[in-house]
Each structure stands twice: as structure tokens, then as C-alpha cells.
There are 2 protein chains.
Amino acid sequence: MPSGKEVSAVLGHIDLHLSSSVERLFALLRIPSVSSHPDRAANCAQAASWLCDTLAAMGLAARVCATAGHPVVVAQHRCGGIGPRVLFYGHYDVQPAEPLELWTYPPFEPRLIDGPHGKRITARGAVDDKGQVLMFLEALRAWKEAGSGIPVEVTVLLEGEEEVGSPNLEPFLRANRDLLSADTVLISDTAMWDIDTPAITTRLRGLAYVQLTLKGPTRDLHSGLFGGSALNPVNALTCILGALHDANGRVQVPAFYDDVRELPPEQVREWDALGFDEQAFLNAIGLSDPAGERDRPPLQRLWARPTADINGIWGGYTGPGAKTIIPAEASAKLSFRLVPDQDPEAIFAGLKRFVAERLPGDARVEYEVFTGAPAIAVPTDTPWVRAARAALMEEYGRSPVMMGCGGSIPIVDAIKRVLGLDSVLMGFGLDGDQVHSPNEKFELRCFHHGIRSHARLLGHLAGVA
Amino acid sequence: MPSGKEVSAVLGHIDLHLSSSVERLFALLRIPSVSSHPDRAANCAQAASWLCDTLAAMGLAARVCATAGHPVVVAQHRCGGIGPRVLFYGHYDVQPAEPLELWTYPPFEPRLIDGPHGKRITARGAVDDKGQVLMFLEALRAWKEAGSGIPVEVTVLLEGEEEVGSPNLEPFLRANRDLLSADTVLISDTAMWDIDTPAITTRLRGLAYVQLTLKGPTRDLHSGLFGGSALNPVNALTCILGALHDANGRVQVPAFYDDVRELPPEQVREWDALGFDEQAFLNAIGLSDPAGERDRPPLQRLWARPTADINGIWGGYTGPGAKTIIPAEASAKLSFRLVPDQDPEAIFAGLKRFVAERLPGDARVEYEVFTGAPAIAVPTDTPWVRAARAALMEEYGRSPVMMGCGGSIPIVDAIKRVLGLDSVLMGFGLDGDQVHSPNEKFELRCFHHGIRSHARLLGHLAGVA
């Protein structure tokens with residue numbers, strides 16, 4: 001295990017060179033690597049090359065690996081087979097930036113702006129996940145430049161399709177089991193409890209994401225000449241999707257809750273003790289009435305209960321003014337957040353039954369499944385989680401909260417299934433970071449302490465036998 | 001009243017010069033005068049100028065009159081104050097042509113193509129309403145060129161905003177009462193019963209068209225981090241609009257049917273006797289199950305019962321692939337077809353109550369009203385309708401059907417209120433003309449007989465004392 005003096009030198013180096021770390025992050029943020037837009041494929045490749053070059057320049061054995069989609073970057077630091085082997089996973093792709101007109105600054109022209117917590121970095125991907133990936137890379141760099149070298153064996157695995165459900169990562173894991181073999185997995189793509197309180201995320205919801213298109217007449221019809229006789233697919237789609245929840249906020253898909261278990265009482269008590277202020281959480285986004293299941297406390301609704309949300313809907317005339325048509329079809333993107341033991345395939349099957357039971361005789365429905373990933377519960381009594389707790393305790397002077405997360409990182413499940421490894425989820429985002437929204441940002445303070453926490457963690461991991 | 005010989009000469013002239021009539025129609029169809037697209041304003045002005053020049057070249061006193069929107073064309077033929085004065089109304093604007101990829105031929109490059117009834121004219125506006133306007137103009141031309149001149153006093157009134165609800169026509173009528181004063185009004189914007197059976201439309205449904213936007217959070221949210229706590233406006237909108245109809249197809253807006261009267265029994269019998277084949281009507285558009293009120297016969301549902309149709313809906317992410325957001329807002333365009341005695345304002349008020357009763361506490365809703373026009377029932381026992389029946393009987397060798405129409409021509413109501421005149425609705429479209437849809441067409445046979453019918457009608461009108 002490295003000496004306290006060496007760790008201090010590494011941390012001091014991080015402090016001194018923070019502006020260089022920010023500059024490197026900006027270079028990555030300028031690349032609009034939106035994985036869902038086919039015309040951004042070259043930008044995804046560009047982000048992968050940038051990361052590969054950066055890792056190679058730091059002395060890691062780095063390469064860009066082609067997949068059926070956007071490439072994967074793998075980089076390795078080997079130090080003679082001594083000490084634990086850490087697999088760090090992150091993603092360089094980002095969500096679409098639209099609607100662009102709601103950004104104060106252009107999403108791919110990162111800058112430091114003032115906020116209540118000091119400077120913040122504003123750009124698409126600032127926190128999700130480029131900023132969090134760069135923290136780990138900067139921690140490696142500090143050990144390299146100010147310490148006696150990276151103190152553990154590290155494999156960095158960076159993909160470019162997380163925001164579209166990682167369709168090609170599991171095949172990559174299967175094909176590269178030996179290359180990726182490790183003792184633990186570290187991921188930085190989650191949030192802190194608040195800006196002063198670090199957190200390790202031990203629960204993640206799963207995701208079942210589907211697009212459905214309801215088709216009726218063979219063409220758009222004049223709503224006067226046909227209204228009262230012809231099926232209107234938009235009417236029909238709203239009627240079906242409008243029945244997704246009952247008046248108490250329970251999802252009405254058949255068998256939806258069959259596999260949902262109640263939380264252990266001690267977990268309920270721990271979360272209750274956090275004193276989560278849902279009013280403040282909602283007020284920050286202009287709301288005040290909690291949605292979701294009426295009879296559940298807020299952190300359960302956010303972390304431990306499944307949901308159904310329509311992420312997009314479209315059909316008929318959506319331009320300016322009036323057009324009097326009965327549209328030929330209507331579509332929606334619909335996703336379910338899942339909790340442990342719910343099976344995405346069973347949820348899709350339930351949805352299909354739900355729709356079929358409500359489908360007018362003349363309508364046809366087509367489905368396209370984008371993501372089906374189960375939820376995750378990470379064991380906390382491991383040396384790896386203990387190392388992360390220690391690193392965060394030292395950096396922040398307080399115990400990290402062991403929290404849940406309403407979001408999904410489907411790859412955590414794939415890593416468990418293919419490589420047999422649980423992931424330590426140590427992240428530095430905040431609730432207000434506008435992840436997936438216009439004006440995404442990352443607090444400079446979080447970025448800075450995040451680099452330091454990763455550096456400390458590397459030291460602690462070196463001490464795990 | 002003109003002699004039979006003169007009428008024959010006029011009809012022969014029409015037959016001989018049909019190809020020139022088609023060429024003139026094509027010139028008008030080439031102008032993409034889409035009234036709802038702001039960037040087509042110049043094209044609307046261009047169509048108005050073309051019509052003004054054409055009417056002036058025929059010897060009418062024609063001018064283009066500016067309005068707050070697209071201009072109105074007025075042209076007059078005076079013949080010394082003898083005989084009835086006819087006001088012909090039509091519109092030169094057209095619906096948007098989108099989706100363009102569904103057109104077999106470009107919408108603004110008209111051409112004659114082969115169909116089961118011989119040649120047909122394919123273009124946006126072919127039948128609605130440029131083709132039907134040109135029929136009347138060509139009838140005037142034939143009287144001018146082959147007869148002793150136009151046999152009655154005529155005022156031609158052509159507007160450019162019918163497809164967006166005629167917002168500026170009523171002020172124009174009010175400001176020009178004297179200029180437009182007449183004994184009867186003639187409109188060609190409706191359909192025949194079938195290609196061999198002419199029709200006069202005596203009922204038109206009204207239209208109440210509104211756009212509503214439901215707003216929730218101040219920005220798009222990550223559906224994982226906020227799902228289960230934050231209101232989803234798309235979920236809420238589908239829930240509200242999905243409740244518009246009950247299981248029997250009845251509209252659930254409060255007081256919606258309060259002012260709807262039952263048809264007189266003889267009207268029910270007449271319509272039943274028409275033997276309308278709803279299966280064929282629906283099969284032509286790929287459907288087979290009638291929508292609308294379950295307990296009503298088809299022609300009542302189409303002509304004499306009110307409806308509620310969502311004409312467009314949008315919200316959230318609608319691009320390729322998956323984006324896991326809870327959108328900040330969702331919108332829909334919603335319109336009601338109305339029947340006589342329903343008040344559009346009362347319908348809007350009912351809709352607002354309907355939405356308010358279902359609106360989640362945190363949601364706000366904004367409305368934009370595009371059209372509010374009551375339904376029309378035209379008296380049939382007038383000399384003007386008798387003249388039209390006679391003209392059609394002579395041209396087609398059979399009595400015209402006195403029919404209803406599910407569509408709306410709001411201006412008919414405005415003309416009644418401002419000028420005190422009922423309109424004779426003599427149109428030559430067919431159900432299959434794809435009005436407002438891709439591949440709009442007008443049968444050449446309909447265009448030809450329509451010109452001849454208008455020419456005959458002008459002769460008959462000259463005989464009305």
C-alpha cells in the first residue's frame with residue numbers, strides 16, 4: 001500500500017494541475033459524440049480515438065476496438081501481476097442535445113460559468129459521462145506523474161453506445177473475457193447525495209424501452225369527410241396509453257408487480273433517515289405534487305419501485321396552424337424503469353397483452369424494442385466497497401450514503417453475467433446537473449474532489465490483499 | 001332566359017375547349033399556395049394575382065384586395081341591373097402537401113394520369129378547391145365566348161385562407177357589404193354522391209379546432225432520476241385525451257350533446273334509402289370496423305352527428321432510437337365536427353372543463369383556438385336550389401341527391417350572418433379524391449361535367465324572376 005506521503009504528493013499534483021485537467025475534459029466535450037444520431041457516427045469514432053491517444057500518451061497499452069456499432073476503447077496498465085486488478089468502465093457517448101434553443105450556451109462548446117457552488121462546467125456530456133470518465137483518467141495520470149506509478153493493475157473500458165442501450169458491449173465482453181478479467185469493477189456514472197456528501201450507489205433500476213406504432217387507415221384522411229366512421233389512430237393510442245396508470249399511480253400492465261419484492265425493513269429505515277426533501281427536489285423543476293404510486297415514500301418511488309413513462313409521442317399534423325386530418329398512424333416511445341427480479345421480457349410481454357386488450361379491431365400495432373435490462377442490487381460487504389467508503393470518508397470527512405438510483409446502467413448487469421463481477425458505483429454528479437436535459441453541467445468542485453477520490457481509491461485498492 | 005340553342009352553343013364550346021380549360025387549371029395548380037405555411041405567403045399572393053388577371057382578361061372588373069392575412073380576389077360582371085345577382089365564393093389556398101414522400105407525383109406539378117374513370121388530374125388543390133373554382137370561371141368564359149355574354153350579374157369572391165379557418169374573410173364581408181350584395185350565393189367545394197350521380201349539399205358540419213399544450217416540469221428530465229416523482233406531461237395528456245370517448249363512441253366533453261337535435265324522420269328515411277355502403281367506404285381506406293357512435297347509422301355518423309378527433313399530437317423525444325426523458329410538455333391539435341345548433345364557444349368551454357377536471361395539480365394547460373364555426377343547414381325550397389337541381393338533372397339525366405357533408409365550410413355561416421344569404425352548394429368532388437391527403441386528384445370527367453353544369457345553372461338563374 002502506498003505511503004501517506006506519496007498519496008499527499010499525488011493529491012497535491014491534482015490540485016496544482018486542475019486547469020489542465022479541465023482543458024483535457026473540454027477537448028473531449030467538444031466532440032459531439034451523440035450515439036443515437038446516425039450522422040454523428042464519425043464523431044463517436046473521433047471521441048474513441050481521442051481517448052485512445054490520451055491513454056496511450058499516459059503509457060497505457062491502448063487500442064480502439066471496432067464493434068457492430070460505435071467502437072470500444074480498451075487500455076491497460078500492467079505492473080507485474082501484483083495486487084488487485086481493477087476494470088474501470090465508462091462511456092464516451094452522449095444523449096442528443098435537442099432542443100438546442102433551450103441551451104444558454106452551445107452544448108458542444110464547453111465553458112466554465114459561475115454558479116452557487118463556484119465554477120461549473122456546462123456542456124452536453126459534462127457529467128454524463130465524459131467528466132466522470134476523465135476524473136479517473138486524471139487520477140491515473142497523477143499517480144503516474146507524481147507518485148511511483150499507477151499502484152494497481154488497471155483495465156479501462158470505454159464504450160460509445162451506453163445512451164442507446166449498449167447493444168454491442170455484451171458481445172464484446174463475451175469475446176474478450178480474458179482481456180477484461182479483473183477482481184473488481186469501478187464505474188463513475190452516478191450521483192452524490194449532495195455536494196458535501198459522497199455516495200456509493202448500491203441499487204440501480206433496470207430499463208425496458210420500446211417504441212410502438214399504431215396504424216389505422218392507409219392514408220391521412222379528411223377529418224370532416226371521414227370523422228364518425230374511420231378509426232383515428234391518435235385517438236386510439238391516447239386511449240390505450242392513457243390507461244397505463246390507475247388513479248393511485250399504479251401501472252396497469254398485466255403482472256407488472258408480480259416479481260416486485262418489498263424492501264427489507266432496515267433499508268426502509270435507512271432511507272427514511274436520510275430525510276429526503278421531495279418538495280425541494282420537485283420545486284427545483286417547477287413541480288410540487290409527487291407523481292407515481294400514492295402510497296409509497298419518495299425514495300422508494302425513485303429507487304425501489306418500477307415506473308412507466310412515455311418518453312415521446314407523435315402522430316398527425318404537428319406544424320403551425322390547423323390541418324383537419326385523421327392521421328394514418330401514431331407512435332410513442334415508452335419505457336419502464338424496473339426493480340430487482342423484474343424480467344424485461346416479461347414486462348414487454350405484459351405490455352403487448354395490455355395493448356392487444358385495448359386495440360380497436362381495425363388497428364395494427366408494431367413494436368421496436370430498444371433496451372431490456374434488469375435492475376441491479378450490489379452487495380456492500382466486499383473489500384472493494386470498503387475501499388471506496390474509506391477513500392470517500394477521507395476526502396469528504398464524512399461517511400458516504402449507500403443509496404439507490406432511479407436510473408439504469410444496463411452494463412452493470414452484463415458485467416455481472418459475463419465477467420462474474422459486481423461493480424462499485426462511485427459517482428460525483430448532483431441531482432441538479434440536468435443530465436439528459438438542456439444546460440447539462442458538472443460542478444468544478446465535484447470534478448476536482450472526484451479526481452482526488454479516485455486517486456485515494458487507487459491507493460486503498462493497492463492495499464487489498 | 002337564354003334560348004336552348006344558345007345553351008347548346010355554350011356547352012359545345014366547353015366541350016371543344018376542354019384542353020385549354022385544363023391548361024389554365026394546371027397553371028393555377030403549379031402555384032403552391034399553402035395558406036398555413038408562413039413561407040408560402042408570396043405563393044398565395046401569386047395565386048391571387050393569377051386569378052385577378054384571368055378574370056380581368058375575361059372582361060370582369062377584377063381586383064386583389066389586401067387583408068390582414070392572404071389577399072381576397074373580387075371580380076364583377078354587371079349587365080345593367082336586370083336579372084338576379086349571383087355571388088360565387090371559392091378559395092385558392094390549399095392544405096399543406098406533407099408528407100411529400102407519399103405522393104406518386106410531385107404535388108405542385110399537376111398532370112393527367114389514367115384511372116378507372118378515364119383521365120384524372122393529380123395535384124394538391126386539384127379538387128379542393130382550385131379545380132372547382134376554375135369550373136365556374138370556365139363556364140363564365142364559355143358564355144362570354146360562345147353565347148350572348150354572361151347572362152346574370154356575377155360577383156366572384158375568392159379567398160386565400162379557407163384551409164386555416166378564414167380568419168380575415170368575415171371582416172372583409174362586413175367592410176364590403178354593398179360590393180358583395182347579391183340575391184344568392186353559389187359555392188363549389190363539395191362532392192357528388194358518386195361519379196354518375198350529382199348532389200347538392202344541404203348540411204355541413206361545423207368545426208371547433210383548438211391546440212392545447214400541457215406543461216409540467218420546467219425542463220426535460222432524466223426518466224430514471226425523476227421517474228416515480230415527477231409529473232410526465234405526455235402521460236397526463238394521453239390520460240386526458242384517452243378519455244374523450246366512452247366505449248360506445250360517445251364524446252365525453254360535458255354538455256357536448258345538449259344542443260344536438262334528432263333528424264326529422266323523413267330525412268332519416270331519405271338517407272337510409274341511399275343505400276350507403278359503409279363497408280366499401282371503409283375498405284377503400286384499409287378499414288372495416290366503423291368508428292364513432294355505435295348506435296347510429298353510417299350517414300348520420302358522417303353527416304349529422306358531432307365528432308372529436310385528435311388531428312395531431314407531439315411531445316418528448318421523437319427522433320431515432322431511445323432517449324430516456326420525461327418531457328417538459330406535450331401538445332395536441334384537437335377538433336370537433338359540429339352539427340346544427342351546437343355552439344363552438346360552448347364546445348370550447350366544455351373542453352376546458354373536461355381537461356380541468358382531469359388535469360394533475362402540477363400541470364398547466366394553454367389553449368390556442370384556430371377555428372370556431374357552427375354547422376349549416378341550407379333551406380332547399382328556394383328558386384336557387386331549384387335552378388341547381390334543374391341544371392344537374394339536365395346534365396346528368398338524374399335527380400341530384402340532397403346530401404349532407406361531414407366537412408365544414410365555415411364561410412357559409414359567415415355569409416349567412418353578414419350578408420343574410422343562404423348558399424347553394426353544388427360540388428363535383430368524389431369520396432376517393434384524397435382531399436387533404438397525398439395524391440389528391442380530380443376526375444377529368446367531373447371537371448368537364450362541372451363546367452357544363454355551371455354553364456347550365458347560369459342559364460337557369462337568368463330565368464329566375
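This is a predicted model: local features need pLDDT of at least 70, side-chain atom pairs count only at pLDDT 80 or more; totals for chains, interfaces and linings use all residues.
1. Which residues make the contact between H1(A) and H4(A)? From H1(A) come Ala9(A), Val10(A), His13(A) and Ile14(A), and from H4(A) come Glu138(A), Ala142(A), Trp143(A), Glu145(A) and Ala146(A). By class, the residues of this contact are six nonpolar, one polar and two charged.

2. In chain B, helix H2 (residues 18-29) packs on helix H4 (residues 130-146) with an axis separation of 10 Å and an angle of about 140°. H2(B) and H4(B) are therefore oblique to each other. The crossing of H2(B) past H4(B) is right-handed.

3. On the H2(B) side, the residues that meet H4(B) are Ser21(B), Arg24(B), Leu25(B), Leu28(B) and Leu29(B). Their counterparts in H4(B) are Lys130(B), Gly131(B), Leu134(B) and Glu138(B). The contact of H2(B) with H4(B) comprises four nonpolar, two polar and three charged residues.

4. The domain assignment divides chain A into domain 1, made of 4-204 + 375-462, and domain 2, made of 207-260 + 306-373. A distance of 36 Å separates the C-alpha centres of domain 1 and domain 2 of chain A. How many residues of each domain take part in the contact between them? Domain 1 of chain A contributes seven residues and domain 2 of chain A contributes ten. On the side of domain 1 of chain A that touches domain 2, three residues are nonpolar, three are polar and one is charged.

5. The contact between the two chains draws on 86 residues from chain A and 85 residues from chain B. Within chain B, the element that gives the most to the side touching chain A is strand S11 (residues 307-316), with nine residues. The side of chain B that touches chain A divides into 35 nonpolar, 37 polar and 13 charged residues.

6. Strand S11 also occurs in chain A, at residues 307-316, where S11 pairs with S11(B). The pairing is antiparallel and runs over five bridges. Within this pairing, Trp314(A) has Trp314(B) in S11(B) as its bridge partner.

Note on methods
Residues are numbered from 1 along each chain as its sequence is written. Chains are lettered from A and ligands numbered from 1 in the order in which they are written. Helices (H or I, at least four residues) and strands (E, at least two) are DSSP runs, numbered from the N terminus. Ala, Val, Leu, Ile, Met, Phe, Trp, Tyr, Cys and Pro count as nonpolar, Asp, Glu, Lys and Arg as charged, and the others, Gly among them, as polar. Two strands pair if DSSP finds at least two bridges between them. Domain bounds come from an automatic or database domain assignment. Axes are lines fitted to C-alpha atoms, for helices over the stretch in contact, and angles run from 0 to 180 degrees between N-to-C directions. Angles under 35 degrees count as roughly parallel, over 145 as roughly antiparallel, 65 to 115 as roughly perpendicular and the rest as oblique. A crossing is left-handed if the near helix is turned anticlockwise from the far one by less than a right angle, and right-handed if clockwise.
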